[in-house]
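Let's walk through this fold together, beginning with the whole chain and ending at one residue. Keep the viewer open as you read.

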Amino acid sequence: MITVLVADDQAMIRAGFAALISAQPDLQVVGEAADGLEAVTAARDLRPDVVLMDVRMPHLDGLEATRRIAGAGGSKVLILTTFDIDDYVYAALRGGASGFLLKDAPSADLITAVRVIAAGEALLAPSVTRRLIEEFATRQPIDEREALRLNALTPRELDVLRLVAAGLANAEIAGELTIAEETVKSHVGRIFTKLGLRDRAQAVMLAYESGLVVPGNPSPAARRGSRLRS
């Protein structure tokens with residue numbers, strides 16, 4: 001059973017998400033929070049597998065709440081927002097959020113996102129997530145410290161990281177590189193370990209900020225990718 005905490009300052013939205021999640025046989029809502037402070041406290045006390053986090057809430061916004069929850073470890077945070085390009089969302093991903101989804105996404109996408117993130121497999125998001133990261137990556141110079149971290153990777157691992165950042169699924173990466181999907185999973189795992197990454201979201205951020213991937217200039221494989229998930 002995957003346990004979920006719903007954090008949103010609007011009672012009707014909380015109730016809607018809670019009802020949707022509770023209707024699934026493998027998901028259970030263990031609590032709700034009306035602001036960021038309540039979310040941090042509830043996450044600490046209830047230790048849910050996944051926290052659905054609104055971005056803009058009173059007392060403590062979703063960004064700082066995400067940082068605190070992710071910093072404590074255990075619960076994964078899925079950011080929900082009504083905006084497809086939002087400074088807060090980018091900062092939340094940097095702060096440790098495991099995923100990003102628009103509030104008006106199909107119900108099936110939300111349920112799938114919760115399951116995938118709870119399994120620790122990947123960032124799952126529509127293609128807007130890559131556009132979001134590219135938008136803000138172009139506003140800052142390459143981080144040389146992040147670039148130096150890539151020296152720990154083999155050429156093949158760099159290839160895999162580029163395709164992860166492009167939005168390709170593991171099966172698609174396997175096809176692109178003509179290797180087995182299990183081999184791709186092994187490469188992804190080693191990339192996370194070597195670079196000290198929590199999940200695929202952080203891997204995408206690092207790929208852009210280190211200059212490994214240039215915003216607005218994806219490879220042919222990148223253009224074929226549509227989502228970020230494993």
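First, the ground rules. This is a predicted model, where local features need pLDDT of at least 70, side-chain atom pairs count only at pLDDT 80 or more, and totals for chains, interfaces and linings use all residues. Residues are numbered from 1 along each chain as its sequence is written, and side-chain values use heavy atoms, with hydrogens and water left out.

The chain has twelve helices and five strands, taken as DSSP runs numbered from the N terminus (helices are H or I, at least four residues; strands are E, at least two). Of its 230 residues, 51% are buried, meaning under 20% relative accessible area with a 1.4 Å probe, counting protein chains only.

Now find the sheet. Its five strands make an open, parallel arrangement, ordered β2-β1-β3-β4-β5; two strands pair if DSSP finds at least two bridges between them. Since β2 (27–33) and β5 (99–102) sit at the edges with a single partner strand each, one side of each is left without a neighbour in the sheet. From one strand to the next, the twist averages 25 degrees. Helix α1 (residues 11–22) lies across β1 (2–7), β2, β3 (50–54) and β4, running at about 165 degrees to β2. Axes here are lines fitted to C-alpha atoms, for helices over the stretch in contact (heavy atoms within 4.5 Å), and angles run from 0 to 180 degrees between N-to-C directions.

Next, zoom in on β4. Six of its six residues are buried, so β4 is largely enclosed by the rest of the structure. K76, L78 and L80 point one way, while V77, I79 and T81 point the other. Five bridges tie β4 to β3 in parallel, and I79 is the bridge partner of M53. Between β3 and β4 the chain passes through helix α3 (residues 62–72), a right-handed β-α-β crossover: with the strands pointing away from the viewer, the path from the first strand over the helix to the second runs clockwise. Toward β5, four bridges join the parallel strands; L80 has L101 as its bridge partner, and T81 stands opposite L102.

Finally, where does A203 sit? It is found in helix α11 (residues 200–209). A203 is buried, at a relative accessible area of 1%. Not counting residues up to four places away in sequence, A203 touches L161, V164, F192 and L197. A203 and L161 are 42 residues apart in sequence, with their C-alpha atoms 7.2 Å apart.

Key. Buried < 20%, exposed > 50% of the residue type's maximum accessible area, 1.4 Å probe, protein only.
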